[in-house]
Amino acid sequence: DVVAATCLGLAGRYGAGNIEYDLCIIDEASRAWATEMLVPMATAKRWVVVGDSKQLPPFEGILSERKDLLAKYGLDSGELEQTLFDRLAHHLPPDSTKTLTIQHRMAPAIGGLVSECFYHGGLTSARDDCPDWLAPVASRNVTWFSTAGVANATEEREDDTYINTCEASFIATLLARINEKAAGRAEPVTVAVIAGYAGQCRQIARVTGARESAWPNLRIEINTVDGFQGREADVCIYSVARNNPQGQIGFLRKESRLNVALSRGKDWLFIIGDHVFCREAHDPNPLRLVVEYIESHPDGCALKEVAM
């Protein structure tokens with residue numbers, strides 16, 4: 001018999017705690033709190049936990065937003081970032097761990113970028129197809145649309161977050177072009193528009209909201225990187241948002257956040273931002289490696305200047 005539930009949802013079922021399971025399989029285990037995972041694990045004889053420690057932990061948003069709590073209670077963010085999944089992966093004997101090295105979601109160009117930039121080349125792609133229906137919009141499945149030559153492409157501070165009106169405006173134009181090319185396809189094209197900052201997501205929503213009804217061929221979701229982790233879309237559009245003379249990229253320096261952002265698209269990945277800023281921003285700066293990879297792999301990637 002198979003029981004499917006969330007970790008905490010299992011405990012909410014009457015009598016579930018009285019059952020001893022032969023096997024407990026926890027998916028997305030790197031996104032779970034230790035206390036969540038222990039609920040089903042405590043009722044099972046054997047465990048299989050599946051996750052990716054190179055993506056965002058469950059407490060990432062809390063740690064970045066509530067540093068006052070860390071200071072108040074003398075907590076170390078490094079210790080809190082280590083999940084139960086991490087502890088098991090690092091301390092179990094080699095016979096009890098397995099690394100999955102074949103990715104099935106992403107087109108080869110996207111998979112190659114993600115593999116080289118975040119997994120030291122350790123991933124191979126099961127897919128060998130290169131969708132080309134968006135070729136008139138972007139010549140490669142991975143395309144960086146650079147705002148480096150646009151005068152008003154710098155960031156703006158909005159309360160405790162950042163927005164980039166230039167990038168938001170270009171994304172609206174890009175969505176209109178994608179909608180045109182999606183006409184006649186059997187099903188609507190799913191598009192994930194994501195950014196590291198909630199303010200930029202709101203700005204993109206403001207710019208695109210009134211026009212979305214004119215794009216019937218698209219199913220668009222605008223969300224933060226953290227909010228879209230664990231999901232996928234046909235097309236992923238990532239807005240960098242940050243662009244300033246000081247070379248500060250803020251929490252975009254988090255490699256795991258960028259890994260999540262760039263691995264959501266199945267067929268197409270479009271990055272919007274000033275590639276010169278991203279290459280020259282202060283370390284730690286995982287965006288630099290992404291720019292360099294795109295520039296050095298013209299077979300599957302392209303860097304295109306935006307004209308506005």
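Biologist: Hello! What should I keep in mind before we start?

Modeller: This is a predicted model, where local features need pLDDT of at least 70 and side-chain atom pairs count only at pLDDT 80 or more, while totals for chains, interfaces and linings use all residues. Residues are numbered from 1 along each chain as its sequence is written, and side-chain values use heavy atoms, with hydrogens and water left out.

Biologist: Why is isoleucine 25 called exposed?

Modeller: Buried means under 20% relative accessible area, exposed means over 50%, and partly exposed lies in between (1.4 Å probe, protein chains only). Isoleucine 25 has a relative accessible area of 58%, so it is exposed. You will find isoleucine 25 in strand β1, residues 21-26. Strands (E, at least two residues) and helices (H or I, at least four) are DSSP runs, numbered from the N terminus.

Biologist: What makes Leu23, Ile25, Val48, Val50 and Leu100 a patch?

Modeller: Patches are made of residues with over 30% relative accessible area and no salt bridge; nonpolar side chains (Val, Leu, Ile, Met, Phe, Trp, Tyr) are joined within 5 Å, and like charges within 9 Å. These five residues form a nonpolar patch on the surface, with about 440 Å² of accessible area together. The areas come from the Shrake-Rupley method with a 1.4 Å probe, and for residues only the protein chains shown count as cover.

Biologist: How do you know whether lysine 98 is buried or exposed?

Modeller: Lysine 98 has 71% relative accessibility, so it counts as exposed. Lysine 98 sits in the loop between α6 (84-91) and β3 (102-103). Lysine 98 and valine 50 are 48 residues apart in sequence and 9.5 Å apart in space, C-alpha to C-alpha.

Biologist: And what is serine 296 called, and why?

Modeller: Serine 296 comes out at 48% relative accessibility, so the word is partly exposed. Serine 296 belongs to helix α13, residues 286-296.

Biologist: How do you know that strands β5 and β12 pair?

Modeller: Two strands pair if DSSP finds at least two bridges between them. Five bridges join β5 (residues 142-146) to β12, and these strands run parallel. For example, threonine 143 has alanine 302 of β12 as its bridge partner, and serine 146 stands opposite glutamate 305 in β12. Five bridges also join β5 to β11, again parallel, with glycine 273 in β11 as the bridge partner of serine 146.

Biologist: Which strands make up the whole sheet?

Modeller: The open sheet has six strands in the order β9-β8-β10-β11-β5-β12, with parallel pairing. What makes β9 (218-224) and β12 (301-305) edge strands is that each pairs on one side only. Neighbouring strands are turned by 20° against each other on average, direction ignored. Helix α7 (residues 108-118) packs on the sheet, touching β5 and β11 (265-273), and its direction makes about 60° with that of β11. Contact means heavy atoms within 4.5 Å, while axes are lines fitted to C-alpha atoms, for helices over the stretch in contact, with angles from 0 to 180 degrees between N-to-C directions.

Biologist: What makes β5 mostly covered?

Modeller: Five of its five residues are buried. Val142, Trp144 and Ser146 point one way from β5, and Thr143 and Phe145 point the other way. In a regular strand, side chains alternate between the two faces of the sheet. Strand β8 (residues 189-195) is mostly covered too, with six of its seven residues buried.

Biologist: Why is the contact between aspartate 22 and lysine 45 called a salt bridge?

Modeller: A salt bridge is a side-chain nitrogen of Lys or Arg within 4 Å of a carboxyl oxygen of Asp or Glu. For aspartate 22 and lysine 45, the N to O distance is 3.4 Å, a salt bridge. Aspartate 22 lies in strand β1 and lysine 45 in strand β2 (residues 44-49), so the pair ties together parts 23 residues apart in sequence. Aspartate 22 is exposed at 54%, and lysine 45 is exposed at 52%.

Biologist: How many salt bridges are found in the whole structure?

Modeller: The search finds 11 salt bridges. Among them, aspartate 226 and arginine 257 meet at 3.1 Å, N to O. Arginine 257 has a relative accessible area of 1%, so it is buried. Aspartate 283 and arginine 288 form another, with their closest N and O atoms 2.6 Å apart.
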